[in-house]
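Let's take a walk through a model together, one piece at a time. Keep the picture open beside the text as you read.

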Amino acid sequence: MKLATYNVNGVNGRLSVLLRWLEEAKPDIVCLQELKAPQDKFPLKAINDAGYNAIWHGQKQWNGVAILSKEEIKEIGKTLPGDDKDLQSRYMEVLWKDKLVIACLYLPNGNPAPGPKFDYKLEWFKRLHQRAKVLLTFNVPVALVGDFNVMPTELDVYKPERWVDDALFRPEVRNAFKKLVNQGWTDAIRELYPNEIIYTFWDYFRNAYGRNAGLRIDHFLLNPVLKPKLLSGGVDKKVRGWEKTSDHAPVWIEIAM
DNA sequence: ATGACTGGTGTGACCAGA
């Protein structure tokens, strides 16, 4: 089974790229982030015609997450528990074929730091820690999937020294990611490639993709039940080179189930 | 050090992204 994540940066503006990639990569499940579309503007017909069911949580203008699946998915929830006043669409959970729990998340960017946006990011992280701890009590495979907006280590940044004060790389954020992983999660791509430089995002500015000036911020965290089922994974880097593309590339893993 | 792109909104330059 192939599970993928893709920050599309606008699901409608990106529809032709998304459909082309779905056709080529044939993932079984896809977690999408940054739909940038309200709930009623999700392109459901085109997604259905491509052979996928979908559950999504839209929002006007910004954010928005979705999970696409060739097979049956059931909604568990569409919000990250812990703050009823948080109305940003950044989180959802589904159950796939009654045997795999998938959380699709879009962690806040947090810039500029310090400031209220950075505080929101750290608060969101705390709530994710709490929810992840609950998910670890489930005796079934669980995956936390999406755009974490965190480069976990220096290996995940083209020039670490330029990012030390950035909300995606500040010590508080790297520590929050490490604390989450230390609950008992496995960073699947890093598990498969312990020492390789792997990026999932390249800025639109400064020919970042051409220079391979990238970041690794899209991740799969696997619980201990799912970890032994991990077979392979990678980044569909070429998609970042397509016309009208997102600034992220799709990332995927193969799981034995 | 700075700015450069891009999508969405809405029809002006903004906001936000990372």
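How many of the seven residues of strand E7 are buried? The answer is six, so strand E7 (residues 100-106) is mostly covered. A residue is called buried if 20 or more other C-beta atoms lie within 10 Å of its own, exposed if 12 or fewer, and partly exposed in between, with the C-beta atoms placed from the backbone.

Before going on, some ground rules. This is a predicted model, in which local features need pLDDT of at least 70 and side-chain atom pairs count only at pLDDT 80 or more, while totals for chains, interfaces and linings use all residues. Residues are numbered from 1 along each chain as its sequence is written, and chains are lettered from A and ligands numbered from 1 in the order in which they are written.

Now look at the sheet. It is open, with six strands in the order E5-E6-E7-E8-E12-E9 and mixed pairing. Strand E5 (73-77) and strand E9 (186-187) each have a single partner strand, so they stand at the edges with one side lacking a neighbour in the sheet. Two strands count as paired if DSSP finds at least two bridges between them. In general, strands of a sheet pair through backbone hydrogen bonds, either parallel or antiparallel.

Follow the pairs across. E5 runs antiparallel to strand E6 (residues 91-96), joined by four bridges, and Lys74 has Leu95 in E6 as its bridge partner. E6 and E7 are also antiparallel, with six bridges; here Glu93 stands opposite Ala103 in E7. Their hairpin has three residues between the strands, and in it Lys97 takes a positive phi near 50°. E7 and strand E8 (residues 142-147) run parallel, again with six bridges. To get from E7 to E8, the chain crosses through helix H3 (residues 116-135) in a right-handed β-α-β crossover (with the strands pointing away from the viewer, the path from the first strand over the helix to the second runs clockwise).

Next, find helix H1 (residues 15-25), whose buried residues are Val17, Leu18, Trp21 and Leu22. They lie on the same side of H1 because they cover an arc of only 130° around the axis, taken from the directions from the helix axis to the C-beta atoms. Ser16, Glu23 and Glu24 are exposed on the other side of H1.

Finally, turn to DNA strand B, which 22 residues surround; the closest are Gly10, Gly13, Lys36, Asn109 and Phe205. A residue is near the strand if its C-beta atom, placed from the backbone, lies within 6 Å of it.

Technical notes:
Helix = DSSP H or I, 4+ residues; strand = E, 2+ residues; numbered from the N terminus.
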